[in-house]
Amino acid sequence: AAFAAASGLFRWQPVAAARSPGSTGWLLVALAAWAAVGLAAIATDRVAPAGRDIARIGPVTDFLAPLPAPAPEQEADTLAPESPVAVEAPAPPEPALARAPEPKGWQAVTAADYARIAFEALPPDGGLVSPIASPGEAMDPVVAEQIALLSVRLPSWPPAKAEDPVQRVRNLLTVAAVPDLLQMDGFERHVPLLVLERLEAEVPAADLPKLLYWVAMHPDDGDDSAVAALERLRLPATTGPTRPVRERIMLYAMKLLGRLTGQARPAGAARPEG
């Protein structure tokens, strides 16, 4: 449209001699094209998003491993009946979600509880949701500067010093969850490793896996006050429902737990079907 308008306006002669009353109407051709594209985008709901991914992740039960099907019980009486009776074959049992007794508190979590999590069902580290950079992955110079500044500010961030260790872990995971939600391209991939480093500095090594498991299994517990405090880290503030933030905290808790226990998915691995 711009080319057509320029062609219509172009003259070999001096402008004063060649201008006609309707020649500038060609400008409306380009403007009308932009208006048509904008109206079509609005009508088809294809306007660019505001840079926030609010797609639902799903409940924690979506990431629990199924229990093995129970073995069929032996028939007590093996004698054949006097007359044949048509018996409908039972439907195969559906895999039940692992619902082992919940520990009474994070202190009671054991290594056996970690088997409840289907780590292979988590989104891949190289995907759009809850990405995590590979150790030693190169950074853009601007991103490297942002990560360096965040690493300086994070140790003195008040929510990282919360008295309750569960809330402390939840607050630090918020630092990784919000940039992921806002899709801060390039930056959000490197924040989780920095958060893990801070968690290891703030939480005893024996307690950290237990706390990550507890946060992952209870995504609706605790408070969201850390979201409003992110501006002290020079991170963007986010408003609206906190459900998407909590869902990403759940994912990062599982992923970092997988790294600590050696069960993390390989970066870029595809999620299994079914």
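Visitor: How many cavities of 30 Å³ or more are there?
Guide: In this predicted model, the count comes to 2 cavities of 30 Å³ or more. The second largest cavity holds about 40 Å³ of space, which puts it over that 30 Å³ limit.

Visitor: What makes a residue part of the lining of the second largest cavity?
Guide: A lining residue has an atom within 4 Å of a cavity point. Among the residues that line the second largest cavity are Gln167, Arg170, Asn171, Thr174, Asp223 and Ile249. Helices H6 (165-181), H9 (225-228) and H10 (243-261) each supply at least two lining residues, and the largest share, 4 residues, comes from H6. By residue type, the lining divides into 4 nonpolar, 4 polar and 3 charged.

Visitor: Why is Leu27 called partly exposed?
Guide: Buried means under 20% relative accessible area and exposed means over 50%. Leu27 has 46%, so it is partly exposed. Leu27 belongs to helix H3 (residues 27-43). Together with Leu9, Trp26 and Val29, Leu27 forms a nonpolar surface patch with about 320 Å² of accessible area.

Visitor: What makes Asp125 and Lys255 a salt bridge?
Guide: The cut-off is 4 Å between a side-chain nitrogen of Lys or Arg and a carboxyl oxygen of Asp or Glu. The N to O distance for Asp125 and Lys255 is 3.1 Å, so the pair qualifies under that cut-off. Asp125 sits in the loop between helix H4 (111-114) and helix H5 (141-153), while Lys255 is in helix H10, 130 residues apart. Both Asp125 and Lys255 are buried. The structure holds 8 salt bridges.

Visitor: How do you know that Arg248 and Asp180 are buried?
Guide: The limit for buried is under 20%. Arg248 has 0% relative accessibility, so it counts as buried; Asp180, with 1%, is therefore buried as well. Arg248 and Asp180 form a salt bridge, with their closest N and O atoms 3.2 Å apart. Because Arg248 lies in helix H10 and Asp180 in helix H6, this pair ties together parts 68 residues apart in sequence.

Visitor: Why are Arg198 and Glu202 said to be separated by about one helical turn?
Guide: They are 4 residues apart in helix H7 (residues 191-202), which means about one helical turn between them. The side chains of Arg198 and Glu202 meet in a salt bridge, at 3.2 Å from N to O. Arg198 and Glu202 are both buried.

Note on methods
Residues numbered from 1 in each chain as written. Predicted model: local features only at pLDDT ≥ 70, side-chain atom pairs only at ≥ 80, totals over all residues. Heavy atoms only, no water. 1 Å grid on protein atoms, 1.4 Å probe; cavity = no way out; pocket = protein on both sides within 12 Å on 5 of 7 lines; lining within 4 Å. Points joined across faces, edges and corners; volume = space filled by probe spheres on them. Nonpolar A, V, L, I, M, F, W, Y, C, P; charged D, E, K, R; others polar. Patch = residues over 30% accessible without salt bridge, like charges linked within 9 Å, V, L, I, M, F, W, Y side chains within 5 Å. Areas by Shrake-Rupley, 256 points an atom, 1.4 Å probe, with all protein chains shown as cover. Buried < 20%, exposed > 50% of the residue type's maximum accessible area, 1.4 Å probe, protein only.
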